[in-house]
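Subject: Structure for you to look at

Hello,

Here is the structure I said I would pass on. Please open it alongside this message; my notes follow below.

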Amino acid sequence: MERVLDFLSKHRNVVLATVEDGKPKVRVLQIMKQERTTFYFATSKEKAVCKQLQQNPYVEFIALDEEVSVRVAAKAFFDVSDDMAKEIYGNNPVLHRFHNNYRSIAYFGLSAEKIDFYDLSTTPVTFQSILLT
(Lines give C-alpha, C1' and ligand atoms only; values in the text may rest on other atoms or scores of the structure.)
Protein backbone atom coordinates (compact mmCIF):
# COMPACT_ATOMS: atom_id res chain seq x y z
CA MET A 1 0.00 0.00 0.00
CA GLU A 2 2.78 2.46 0.86
CA ARG A 3 4.41 1.96 -2.55
CA VAL A 4 1.11 2.80 -4.24
CA LEU A 5 0.47 5.90 -2.12
CA ASP A 6 4.03 7.07 -2.69
CA PHE A 7 3.59 6.67 -6.45
CA LEU A 8 0.41 8.76 -6.35
CA SER A 9 2.09 11.47 -4.28
CA LYS A 10 4.76 11.80 -6.98
CA HIS A 11 2.40 11.63 -9.98
CA ARG A 12 -0.11 14.38 -9.39
CA ASN A 13 -1.39 14.73 -12.96
CA VAL A 14 -4.17 12.19 -13.39
CA VAL A 15 -6.86 11.39 -15.92
CA LEU A 16 -10.26 11.60 -14.22
CA ALA A 17 -13.30 9.85 -15.70
CA THR A 18 -16.86 10.93 -14.92
CA VAL A 19 -20.21 10.27 -16.60
CA GLU A 20 -22.57 12.70 -18.32
CA ASP A 21 -25.82 11.56 -19.93
CA GLY A 22 -24.64 7.96 -19.63
CA LYS A 23 -21.42 8.63 -21.55
CA PRO A 24 -17.87 8.73 -20.19
CA LYS A 25 -16.06 12.07 -19.95
CA VAL A 26 -12.35 12.28 -19.22
CA ARG A 27 -10.00 15.14 -18.43
CA VAL A 28 -6.58 15.71 -16.93
CA LEU A 29 -6.59 17.19 -13.44
CA GLN A 30 -3.91 17.71 -10.85
CA ILE A 31 -4.10 16.28 -7.35
CA MET A 32 -3.80 19.38 -5.17
CA LYS A 33 -3.45 17.53 -1.86
CA GLN A 34 -3.29 13.92 -0.77
CA GLU A 35 -4.15 12.56 2.67
CA ARG A 36 -3.41 8.84 2.37
CA THR A 37 -6.39 7.57 0.31
CA THR A 38 -8.24 10.89 0.05
CA PHE A 39 -7.33 13.13 -2.87
CA TYR A 40 -8.26 16.80 -3.20
CA PHE A 41 -8.81 18.73 -6.41
CA ALA A 42 -9.74 22.27 -7.41
CA THR A 43 -11.50 23.47 -10.54
CA SER A 44 -13.68 26.24 -11.84
CA LYS A 45 -17.21 26.22 -10.44
CA GLU A 46 -18.53 26.56 -14.00
CA LYS A 47 -16.80 23.45 -15.37
CA ALA A 48 -18.93 20.47 -16.35
CA VAL A 49 -16.96 18.21 -14.01
CA CYS A 50 -18.65 19.86 -10.99
CA LYS A 51 -22.12 19.11 -12.28
CA GLN A 52 -21.12 15.60 -13.31
CA LEU A 53 -19.76 14.83 -9.84
CA GLN A 54 -22.90 16.18 -8.17
CA GLN A 55 -25.09 14.00 -10.37
CA ASN A 56 -22.91 10.90 -9.99
CA PRO A 57 -20.14 11.00 -7.37
CA TYR A 58 -18.55 7.70 -8.44
CA VAL A 59 -15.43 8.17 -10.55
CA GLU A 60 -12.15 6.61 -11.52
CA PHE A 61 -8.79 8.21 -12.15
CA ILE A 62 -5.51 6.88 -13.39
CA ALA A 63 -1.92 7.98 -12.86
CA LEU A 64 0.84 6.53 -14.97
CA ASP A 65 4.54 6.71 -15.64
CA GLU A 66 6.29 4.50 -18.18
CA GLU A 67 5.30 0.96 -17.22
CA VAL A 68 3.61 1.66 -13.89
CA SER A 69 0.00 2.73 -13.52
CA VAL A 70 -2.41 3.17 -10.64
CA ARG A 71 -6.18 3.21 -11.11
CA VAL A 72 -8.33 4.56 -8.30
CA ALA A 73 -12.09 4.05 -7.97
CA ALA A 74 -13.48 6.71 -5.65
CA LYS A 75 -16.48 8.63 -4.42
CA ALA A 76 -16.49 12.43 -4.66
CA PHE A 77 -17.49 14.85 -1.93
CA PHE A 78 -17.74 18.64 -1.91
CA ASP A 79 -17.79 19.36 1.82
CA VAL A 80 -14.18 20.54 1.88
CA SER A 81 -13.45 22.78 4.86
CA ASP A 82 -12.59 26.44 4.42
CA ASP A 83 -9.19 25.80 6.03
CA MET A 84 -8.49 23.01 3.54
CA ALA A 85 -9.53 25.25 0.63
CA LYS A 86 -7.16 27.98 1.85
CA GLU A 87 -4.33 25.48 2.20
CA ILE A 88 -4.88 24.06 -1.28
CA TYR A 89 -5.02 27.52 -2.82
CA GLY A 90 -1.97 28.72 -0.91
CA ASN A 91 0.17 25.69 -1.78
CA ASN A 92 -0.66 25.45 -5.49
CA PRO A 93 0.52 28.52 -7.42
CA VAL A 94 -1.09 27.28 -10.63
CA LEU A 95 -4.48 28.16 -9.12
CA HIS A 96 -3.42 31.81 -8.74
CA ARG A 97 -3.03 32.06 -12.52
CA PHE A 98 -6.71 31.26 -13.04
CA HIS A 99 -8.40 32.59 -9.90
CA ASN A 100 -8.00 35.82 -7.91
CA ASN A 101 -8.94 34.25 -4.58
CA TYR A 102 -9.56 30.85 -3.07
CA ARG A 103 -13.33 31.36 -2.75
CA SER A 104 -13.89 31.50 -6.51
CA ILE A 105 -12.87 27.84 -6.89
CA ALA A 106 -14.81 24.59 -6.48
CA TYR A 107 -12.93 22.16 -4.23
CA PHE A 108 -13.76 18.49 -4.05
CA GLY A 109 -12.27 15.38 -2.56
CA LEU A 110 -12.19 11.81 -3.76
CA SER A 111 -12.28 9.05 -1.16
CA ALA A 112 -10.67 5.98 -2.67
CA GLU A 113 -12.72 2.80 -2.50
CA LYS A 114 -10.45 0.57 -4.57
CA ILE A 115 -6.91 0.98 -5.89
CA ASP A 116 -5.32 -1.17 -8.60
CA PHE A 117 -1.54 -1.08 -9.06
CA TYR A 118 0.15 -2.38 -12.21
CA ASP A 119 3.87 -2.65 -12.90
CA LEU A 120 4.59 -3.98 -16.40
CA SER A 121 8.36 -3.79 -15.93
CA THR A 122 8.40 -6.93 -13.77
CA THR A 123 8.18 -10.58 -14.80
CA PRO A 124 5.64 -11.71 -14.06
CA VAL A 125 3.69 -8.45 -14.26
CA THR A 126 2.94 -7.03 -10.81
CA PHE A 127 -0.74 -6.49 -10.06
CA GLN A 128 -2.10 -5.51 -6.68
CA SER A 129 -5.75 -4.70 -5.99
CA ILE A 130 -6.57 -2.96 -2.71
CA LEU A 131 -10.20 -2.80 -1.59
CA LEU A 132 -10.73 0.04 0.90
CA THR A 133 -14.46 -0.16 1.63
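Strand β4 pairs with strand β7 (residues 105-119) in the antiparallel sense, and 7 bridges link the two. One of the bridge pairs joins F39 to L110 in β7. Bear in mind that this is a predicted model.

β4 has another partner, strand β3 (residues 33-35), also in the antiparallel sense, over 3 bridges. Here F39 of β4 is the bridge partner of Q34. β3 and β4 form a hairpin with 2 residues between the strands, where R36 takes a positive phi near 55 degrees.

Is β4 buried or exposed? In this strand (residues 38-44), 7 of the 7 residues are buried, so β4 is largely enclosed by the rest of the structure. For the chain, the buried share is 42% of the 133 residues.

As for the overall layout, there are 4 helices and 8 strands, arranged along the sequence as α-β-β-β-β-α-β-β-α-α-β-β. The radius of gyration is 15 Å, close to the 14 Å from the globule rule for 133 residues, so the chain is as compact as a globular protein of that length. The C-alpha trace spans about 50 × 35 × 25 Å along its principal axes.

Of the contacts between residues at least 6 apart in sequence, 60% join residues at least 24 apart.

Last, the surface and the charges. The chain exposes about 7,700 Å², with carbon and sulfur atoms supplying 50% of that area. There are 17 positive and 17 negative side chains, and the centres of these two sets are 5 Å apart.

Regards

How values were computed
Residues are numbered from 1 along each chain as its sequence is written. This is a predicted model: local features need pLDDT of at least 70, side-chain atom pairs count only at pLDDT 80 or more; totals for chains, interfaces and linings use all residues. Side-chain values use heavy atoms; hydrogens and water are left out. The radius of gyration is taken over C-alpha atoms; the globule rule is 2.2 Å times the number of residues to the power 0.38. Buried means under 20% relative accessible area, exposed over 50%, partly exposed in between (1.4 Å probe, protein chains only). Contact means heavy atoms within 4.5 Å. Accessible areas come from the Shrake-Rupley method with a 1.4 Å probe; for residues, only the protein chains shown count as cover. Lys and Arg count as positive and Asp and Glu as negative; His and the chain ends are not counted. The place of a charge is taken as NZ of Lys, CZ of Arg, CG of Asp or CD of Glu. Two strands pair if DSSP finds at least two bridges between them.
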